[in-house]
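Open your viewer and keep the sequence panel beside it. This tour goes from stop to stop, telling you what to select and what you will find there.

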Amino acid sequence: MLNPYLLRNELYSTAAKLLKKGYELDVSAISSMEDKRKKLQIHTENLQYKHNSLSNLVRDAKNIKKKTAYLKNQVIQLGKDLQASKLELSSLQEKIYRFSMCIPNIPSDDVPEGNKSSHNKEIKYWGKKRKYDFVIQNHVEIGKKFNELDWKSSVQISGSRFVVMKGNIALLHRALSQFMLDLHTINHGYIESYVPYLVHPQALYGTGQLPKFSDDLFHINIMNKHDYILIPTGEVPLTNLVCNKIIEEKDLPIMLTAHTPCFRSEASSYGRDVKGLIRLHQFDKVELVQIVTPDKSMETLEKLTNHAEKVLQLLELPYRKILLCGGEMGFASVKTYDLEVWFPAQEKYREISSCSNMSDFQARRMKTRYRKKSEQKNYFVHTLNGSGLAIGRTLAAILENYQHSDGRVEIPKILQKKYMRGLEFIN
């Protein structure tokens with residue numbers, strides 16, 4: 001959530017900055033609530049002061065054996081007024097809190113203006129697109145040809161937007177996750193983690209998926225037990241590992257990675273990418289999360305994005321890096337880079353990783369701070385996350401980019417010996 005100072009003291013400039021995300025802040029509503037809160041808070045503090053003062057008079061009167069009935073009645077009445085004022089203030093503060101939880105993060109100054117993909121800024125292109133002298137197939141057709149992407153069985157078991165993988169394609173899917181985890185832990189210094197796939201709603205409030213994106217989540221309601229939600233991304237449990245903690249400055253940065261399934265209802269993407277591995281209800285991802293001091297967050301975003309890029313480079317998959325415009329960015333992000341891999345059958349780049357700096361937005365929700373040793377004061381940390389990478393989309397990109405005229409699909413060299421049992425081709 002935003003720093004409350006911005007809504008109390010820089011309301012109009014904050015509203016102007018949020019327009020870059022296409023969000024119109026209800027200035028009159030928040031201004032009215034804040035004015036009422038200030039008056040009610042002063043009134044409550046005055047009642048508290050009077051109540052304390054009269055209570056002290058009653059105590060002193062008792063000590064000198066004076067009549068205290070009148071004073072006691074005043075104290076009782078003040079106590080009732082004070083309690084009523086506290087309840088009203090608490091109710092109003094909760095209302096302001098709920099309002100604030102729906103306000104997105106403010107974009108960085110260098111984020112481009114705009115609200116659609118054509119307004120994104122292209123940062124760089126990497127890799128050489130392969131040339132084919134035959135009619136190429138998309139990954140759905142390739143998977144069916146090998147009988148190793150089984151859509152019919154998945155429909156019978158679970159419905160649409162699920163897949164059953166078999167044989168060497170299933171092996172390649174597993175190999176990709178192992179390769180990514182090894183790269184990020186051994187080469188990049190992340191700590192591998194195994195995390196729950198079911199979380200309490202509060203964890204999703206902490207990272208910003210709730211309350212706004214409730215319809216995109218799978219909710220598990222168990223009678224007479226806690227409600228759970230299936231994680232939409234490994235970002236949720238990984239980032240919440242520091243929830244409600246005060247971290248020593250010397251222990252930062254914290255760098256975490258995990259391979260998890262992800263579950264999304266895709267309610268907001270109805271009708272898009274209904275075939276293939278691009279948009280499933282259940283998919284796997286290797287997630288990268290970093291917890292850093294504020295002065296390091298923008299530098300860390302560049303490093304984290306480079307870590308995700310390295311996967312694509314080692315797999316020799318052509319991609320481009322783009323800086324998202326304000327209207328295309330996520331709810332909690334101040335700045336986001338998307339990595340888009342080349343899909344030759346579609347002749348277009350498709351997102352395979354999104355790397356974002358959340359500044360202190362998530363930290364304020366989770367109450368996560370660090371202790372600055374030089375000042376002996378606590379400050380909110382900055383959190384960052386990114387896909388390193390989405391495994392199903394990486395698999396689809398390999399199937400399309402590495403296909404041969406004889407129908408075989410070549411395995412990227414980095415995977416062949418160590419991760420694919422020496423296999424060079426899927427036949």
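A term to have ready first: a residue is called buried when its relative accessible area is under 20%, exposed when that area is over 50%, and partly exposed in between (1.4 Å probe, protein chains only). You are looking at a predicted model, where local features need pLDDT of at least 70 and side-chain atom pairs count only at pLDDT 80 or more, while totals for chains, interfaces and linings use all residues. Residues are numbered from 1 along each chain as its sequence is written, and side-chain values use heavy atoms, with hydrogens and water left out.

**Stop 1: salt bridges**

Side chains of opposite charge can pair when their charged atoms come close. Here a salt bridge means a side-chain nitrogen of Lys or Arg within 4 Å of a carboxyl oxygen of Asp or Glu. That rule gives a count of 20 salt bridges.

Select Glu-122 and Arg-320, whose side chains form a salt bridge with 3.1 Å from N to O. Arg-320 belongs to strand 11 (residues 319-323) and Glu-122 to strand 1 (residues 121-126), so this pair ties together parts that are 198 residues apart in sequence. Helices (H or I, at least four residues) and strands (E, at least two) are DSSP runs, numbered from the N terminus. Which of the two partners is buried, and which is partly exposed? Arg-320 is buried, at 18% relative accessible area, whereas Glu-122 is partly exposed, at 47%.

Next, select Glu-248 and Arg-371, a salt bridge of 2.5 Å from N to O. Glu-248 sits in strand 8 (residues 246-248) and Arg-371 in strand 14 (residues 369-372), so parts that are 123 residues apart in sequence are tied together. Glu-248 is partly exposed, with a relative accessible area of 31%, and Arg-371 is partly exposed as well, with 27%.

Now move to Glu-302 and Lys-321, whose closest N and O atoms are 3.6 Å apart in a salt bridge. Glu-302 is in helix 10 and Lys-321 in strand 11, so the pair ties together parts that are 19 residues apart in sequence. Lys-321 is buried, with a relative accessible area of 6%, while Glu-302 is partly exposed, at 28%.

**Stop 2: charges over rings**

The charged end of Lys-321 sits over the ring of Tyr-337, 4.3 Å from its centre. A charge sits over a ring if NZ of Lys or CZ of Arg is within 6 Å of the ring centre and within 35 degrees of the ring normal. Then select Lys-372 and Tyr-379, where the lysine lies over the face of the ring, 5.7 Å from the ring centre.

**Stop 3: aromatic pairs**

Rings of Phe, Tyr and Trp (its six-membered ring) pair if their centres lie within 6.5 Å; planes under 30 degrees apart count as stacked, over 60 as edge-to-face and the rest as tilted. How many aromatic pairs does a search of the whole structure find? The search finds nine. One of them is Tyr-132 with Phe-134, an edge-to-face pair at 5.6 Å centre to centre, with 85° between the planes. Tyr-132 is partly exposed, with 22% relative accessible area, and Phe-134 is partly exposed, with 24%.

Select Phe-179 and Tyr-419 next: their ring centres are 6.0 Å apart and their planes at 70°, so this pair is edge-to-face. Phe-179 is in helix 7 (residues 167-187) and Tyr-419 in helix 13 (residues 413-419), 240 residues apart, so the pair links distant parts of the chain. Both residues, Phe-179 and Tyr-419, are buried. Finally, display Tyr-125, Trp-342 and Tyr-349, which ring pairs link into a cluster.

**Stop 4**

Select Leu-210 and Pro-211, joined by a cis peptide bond with omega near 10°. Pro-211 is in the loop between helix 8 (201-207) and strand 6 (219-220). The bond between Leu-252 and Pro-253 is cis too, with omega about 5°, and Pro-253 is in the loop between strand 8 and strand 9 (254-263).

Finish at Arg-421, a residue other than glycine with a positive phi, near 60°. Arg-421 is in the loop between helix 13 and strand 18 (425-426) and is exposed, at 67% relative accessibility.
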